[in-house]
Amino acid sequence: MGLQISIRKSGDVTIVDLRGRSTIDDGESESLSNQLQKLVANGVRKLLLNLADLAKVDSSAVAIIVRTYVSLKREGGDLKLLSPSGLVLEVLTVFRLISTIPTFENEAEALASFQPRGYTATP
Amino acid sequence: MTTHCSDGAAPATEKTALVVESGRDIDELLTSVLASEGWTIQRVVDNQHLLALAGAKPFDLIVTGRKTHLAEDVELLRKIRNARPHVRLIILTDKFTPGDVIAAMREGAFSYFSAPFDASELAEMVRAAMAEPCWDDGIEVLSGTPEWISLTARCDLATADRLVQFLHGVRDPSIPEAEKDQVILAFREILINAMEHGGHFDASQHVEISFIRARRAIACRVKDPGKGFSLEELRHAAAGNSPGDLFSHATVRDEKGMRPGGFGILLAKKLVDELIYNEKGNEVVLVKYLDPPKTPMI
């Protein structure tokens, strides 16, 4: 398959791990879009998109990330990104999504960022 | 256009691939992809044995070995296609020249991978070759020199992917890989827009394409078969939003029941130096400027 999607939980944060490519081909982006919209519809409000193993994206993936970000914001939730690199990072940077959507290099830091400030260990 | 899909190869339940040995990693990858779909694999050590077998009976897919020169693989393809015009042949090679890629397209290779290449991309292309029902009128080279290639491409995603892979296979040392990747990504966005909005992914429609390699620039021209559009009226694309606004067009797309998208033109604009549409809006040229070549001091 072009895109493998796996979903796990860490406390109240839902982590979506993406591996492969998210492009318009073979319905990969459509499949990702459906999965993310289903999560939001089922009440997920803290979503971390792990892009570490995502090798390739096109504009369809950008549209899905933007749509999910807007949907979550509308519901009072949060979308954050983890470890984009290479071409994926370049595409997200081109659209200034990296400065709009909080992006982390480290999963523990990303998870901590979802918690209210008073509860985090970092100063 | 009449499309023939097979040369009398076996029905869907008995698919066979003919593969030239390329080394353990590639051989294992091909075995894994082909066997997972129940295909039988017949291996040979070189092109000579491949030609003998391919002449004797039809195969559903042929993959060449990395060790032969691309020009030899193209010659092999020409001979096989004389007898089996619809053969799907994927060329793998470590040895090539830019002009050979044009020949591979012209002779109707299904795809082409020049070293170094990404194994996962090869796996995807093999899957595409296994799945694609009718393919061999997808790309037609109308004219080709290393500086100027003109071709047509059928309006479907599989053909777009094949064409993009041919572009990735072009290795021109004077074009930095990062800039080449940007041009290819921008071209792919514009191509898919042309196929979707101009050709409605109708396989009877074709997009006209030219690639021009000037000394200090790369240019691509894409003309779709549609009626065109005006960028000013493009409310369903991010390119029509106010500067800095990434979201307004998404509402329009939701109202129209369109898939999430609309970022293709904007992405292409940001990856190349110029994106120029004609008056009608069905023809576009992308230009990427390159740093001047470093000439030795005399």
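**Close-ups of the A–B interface and a cavity**

**View 1. Where chain A meets chain B.** In this predicted model, 26 residues of chain A are in contact (heavy atoms within 4.5 Å) with 22 residues of chain B. Together the two chains bury about 2,100 Å², 63% of it on carbon and sulfur atoms; buried area here is the accessible area (1.4 Å probe) lost on putting two parts together, summed over both. Local features need pLDDT of at least 70 and side-chain atom pairs pLDDT 80 or more, while totals for chains, interfaces and linings use all residues. Numbering runs from 1 along each chain as its sequence is written, chains are lettered from A in the order written, and side-chain values use heavy atoms, leaving out hydrogens and water.

**View 2. Salt bridges between the chains.** The count is three, taking a side-chain nitrogen of Lys or Arg within 4 Å of a carboxyl oxygen of Asp or Glu. One of them pairs Asp58(A) with Arg188(B), with the closest N and O atoms 2.8 Å apart. On chain A's side, S3, H2 and helix H3 (86-94) each give two or more residues (helices are DSSP runs of H or I, at least four residues; strands are E, at least two). H2(A) has the largest share, nine residues.

**View 3. The largest cavity.** Its space comes to about 30 Å³, filled by probe spheres set on grid points joined across faces, edges and corners. A cavity is a set of points on a 1 Å grid where a 1.4 Å probe fits but cannot get out, and lining residues have an atom within 4 Å of a point. S3(A) brings four residues, the largest share of the lining. Among the lining residues are Leu18(A), Ser22(A) and Ile65(A).

Note on methods
1 Å grid on protein atoms, 1.4 Å probe; cavity = no way out; pocket = protein on both sides within 12 Å on 5 of 7 lines; lining within 4 Å.
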